[in-house]
Amino acid sequence: MVWEWLPGAMDSLVEIEPYELMQVVHAERRWPRLGVKDFTGLPVLTVWGRTRAGRPLMVASRSLGGLDRQIVAVRELRPAELAEFEKWEATR
């Protein structure tokens with residue numbers, strides 16, 4: 001699986017380092033979830049996980065064909081999402 005950046009996406013990172021999201025997408029314990037990109041309605045695969053330091057992040061990506069993905073967004077999990085993620089973590 002190849003992960004690449006949507007052009008300009010790295011420029012929009014705020015207080016999140018590129019290495020942190022790569023830790024999430026390559027983590028042993030990560031929660032892939034299908035979703036829809038906010039206002040565009042485009043299908044995305046989100047990956048919920050933690051960095052090695054324990055920071056909970058969500059990485060959204062779109063398919064480039066096969067297993068290759070393009071990162072379109074990344075952010076910290078919101079409180080309700082974090083609670084849901086922690087319930088999932090407790091079952092793993």
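Contact here means heavy atoms within 4.5 Å. Welcome to a tour of a predicted model, in which local features need pLDDT of at least 70, side-chain atom pairs count only at pLDDT 80 or more, and totals for chains, interfaces and linings use all residues. Residues are numbered from 1 along each chain as its sequence is written, and side-chain values use heavy atoms, with hydrogens and water left out.

**View 1. The whole protein chain and its order of elements.** Let us start with the overall layout. The protein chain holds 2 helices and 5 strands, arranged along the sequence as β-α-β-β-β-β-α. Helices (H or I, at least four residues) and strands (E, at least two) are DSSP runs, numbered from the N terminus. The radius of gyration is 13 Å, close to the 12 Å that the globule rule gives for 92 residues, so the protein chain is as compact as a globular protein of that length. That radius is taken over C-alpha atoms, and the globule rule is 2.2 Å times the number of residues to the power 0.38. The C-alpha trace spans about 35 × 25 × 25 Å along its principal axes. Of the contacts with a separation of 6 or more, 46% are between residues 24 or more positions apart.

**View 2. Surface and interior of the protein chain.** Buried residues make up 38% of the 92 residues. Buried means under 20% relative accessible area, exposed over 50%, and partly exposed in between (1.4 Å probe, protein chains only).

**View 3. Helix 1 and the strands it meets.** Look along helix 1 (residues 18–25) and you will find Glu20, Leu21, Gln23, Val24 and Val25 buried. The buried residues of this helix pack against strand 1 (3–5), strand 2, strand 3, strand 4 and strand 5. Leaving aside neighbours within four places in sequence, Val25 is in contact with Trp3, Arg30, Val47 and Val59. Val25 and Leu57 are 32 residues apart in sequence, and their C-alpha atoms are 9.7 Å apart in space.

View 4. Strand 3 and strand 4 (residues 56–65) run antiparallel and are joined by 6 bridges. Two strands pair if DSSP finds at least two bridges between them. To find your bearings, follow Leu45 to its bridge partner in strand 4, Ser61. The hairpin has 5 residues between the strands, and Gly54 takes a positive phi near 95 degrees there.

**View 5. The hairpin of strand 4 and strand 5.** Strand 4 also pairs with strand 5 (residues 68–76), in the antiparallel sense and over 8 bridges. Here Arg62 has Gln70 of strand 5 as its bridge partner. This hairpin has 2 residues between the strands, with Gly66 at a positive phi near 60 degrees.

View 6. Rings of Phe, Tyr and Trp (its six-membered ring) pair if their centres lie within 6.5 Å; planes under 30 degrees apart count as stacked, over 60 as edge-to-face and the rest as tilted. By this rule the count comes to 3 aromatic pairs. Among them, Trp31 and Trp48 have ring centres 5.4 Å apart and planes at 80 degrees, so this pair is edge-to-face. Trp31 lies in strand 2 (residues 30–36) and Trp48 in strand 3 (residues 43–50), so the pair ties together parts that are 17 residues apart in sequence. Both of these residues are buried. Trp31 and Trp88 have ring centres 5.3 Å apart and planes at 10 degrees, so this pair is stacked. It links distant parts of the chain, with Trp31 in strand 2 and Trp88 in helix 2 (residues 79–90), 57 residues apart. Trp88 is buried, as is Trp31. Trp31, Trp48, Phe85 and Trp88 form one aromatic cluster. Now bring in Arg33, which lies over the face of Trp31 at 4.1 Å from the ring centre, and over the face of Trp48 at 4.4 Å from the ring centre. A charge sits over a ring if NZ of Lys or CZ of Arg is within 6 Å of the ring centre and within 35 degrees of the ring normal.

**View 7. Glu89 and two arginines.** Glu89 belongs to helix 2 and is buried, with a relative accessible area of 15%. Leaving aside neighbours within four places in sequence, Glu89 is in contact with Arg29 and Arg50.
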